[in-house]
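Please keep the structure open beside you as you read.

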Amino acid sequence: MKVTKHGAYTYKLTRLGLMNCFLVENDHDLYLVDANLPNSADAILKAAADIGKPITKILLTHAHADHVGSVDELVTKLPQVDLVTTQNMAAFMQGNFTLPAGDQGAVKASNFPRVNSIPTQLIKNGDKIGSLMVVDSPGHTRNHISWFDERDQTIYCGDSWQSAGGVAVMGDIRWLFPLPVYATWSKQVSLQSAAETLKLSPNRLCCGHGKVIENALPIMQAAYERAKAKIK
Ligand SMILES: [Zn+2]
């Protein structure tokens, strides 16, 4: 697993050159944003040990396999860790794909692996965990969220944006790395979420796939305009 540091608090942990999760550093501990593919726990724990602080919380963006793959291994190895997610995402992790009335779409259940660990903390839009604020960003999945660090305006956006193959709103396909678009629920909703994300004026963009983008706002605005022209 390749570890790179960005700014004062962000460590990007990458598997297979494309699958990211992030350690966010606080005064006394670390939060892990997403849990990467299965069999990543030892490498994630080594990265935390090298930094010299314990992982106290796992914060999830969405329940696809490359983001929750190592949750169960991590919870086994860190029995005190908080597993933080939304109620709807927790339901998907437990294999409950019941949709609210009026939602006509189908869920591709095979996109969502069963996670045995029970979330210890359920959060919703606007809640704060330390300096990280929950930002609803549905589109890639129905219950996708992002995490916004108010200390340095870093957005941990999961797969609501991507930077692999070029910065893009999820749904605006990048042919160098098209895979996440195929697993996306609604491009139109993704575009609406992107507009909301821009209102936060992010300075650093940390995506599930691709490199960390600095001075991100104008780059994201340009990507948003491109997506707006394409997604109808
Ligand atoms: Zn995804």
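1. Helix 6 has 12 residues and reaches 17 Å from its first C-alpha to its last, close to the 16 Å expected at 1.5 Å a residue. The expected span is 1.5 Å times one less than the number of residues in the helix.

2. Two points on reading the model. It is a predicted model, in which local features need pLDDT of at least 70 and side-chain atom pairs count only at pLDDT 80 or more, while totals for chains, interfaces and linings use all residues. Residues are numbered from 1 along each chain as its sequence is written.

3. Which residues of helix 6 are buried? They are V189, S190, L191, S193, A194 and T197. A residue is called buried if 20 or more other C-beta atoms lie within 10 Å of its own, exposed if 12 or fewer, and partly exposed in between, with C-beta atoms placed from the backbone. The buried residues of helix 6 pack against strand 9 (132–136), strand 10 (145–149), strand 11 (154–158), strand 12 (161–162), strand 13 and helix 7. Contact here requires C-beta atoms, placed from the backbone, within 7 Å of each other.

4. A216, M220, A223, Y224 and A227 are the buried residues of helix 7. Seen down the helix axis, these fall within an arc of 105°, so they line one face of helix 7; the arc is that of the directions from the helix axis to the C-beta atoms. P218, A222, E225 and A229 are exposed on the other side. As for packing, the buried residues of helix 7 meet strand 13 (168–169), helix 6 (187–198), strand 14 (204–207) and strand 15 (213–214).

5. The core deserves a look next. The largest nonpolar core has 60 residues, and L32, I58 and L205 have the most contacts inside it. Helix 7 gives the most to this core, with five residues. Such a core is a set of buried Ala, Val, Leu, Ile, Met, Phe, Trp, Tyr and Cys residues joined through C-beta atoms within 7 Å. Leaving aside neighbours within four places in sequence, the contacts of L205 include W161, V212, A216 and M220.

6. Six strands form an open sheet in the order 8-9-10-11-14-15, with mixed pairing. Strand 8 (128–129) and strand 15 stand at the edges with a single partner strand each, so one side of each is left without a neighbour in the sheet. Two strands count as paired if DSSP finds at least two bridges between them. Strand 10 and strand 11 pair in the antiparallel sense over three bridges, and the bridge partner of W147 in strand 11 is Y156.

7. Elsewhere, strand 4 (residues 30–33) and strand 5 run parallel and are joined by four bridges. V33 has L59 in strand 5 as its bridge partner. Strand 5 (residues 55–59) is mostly covered, as four of its five residues are buried.

8. Two loop residues are worth checking. N36 has a positive phi of about 60° although it is not a glycine, and its place is in the loop between strand 4 and helix 1 (41–51). With 28 C-beta neighbours inside 10 Å, N36 counts as buried. Q153, in the loop between strand 10 and strand 11, has a phi near 55°, again a positive value in a residue other than glycine. Q153 is partly exposed, with 15 other C-beta atoms within 10 Å.

9. Is L200 buried, exposed or partly exposed? L200 is partly exposed, with 15 other C-beta atoms within 10 Å. L200 is found in the loop between helix 6 and strand 14. Leaving aside neighbours within four places in sequence, L200 is in contact with V135, F148 and I155.

10. Finally, the chain as a whole. The protein chain has seven helices and 15 strands, and buried residues make up 47% of its 232 residues. A compact globule with 232 residues would have a radius of gyration near 17 Å, and the protein chain has 16 Å, which agrees. That radius is taken over C-alpha atoms, and the globule rule is 2.2 Å times the number of residues to the power 0.38.

Technical notes:
Contact = placed C-beta atoms within 7 Å.
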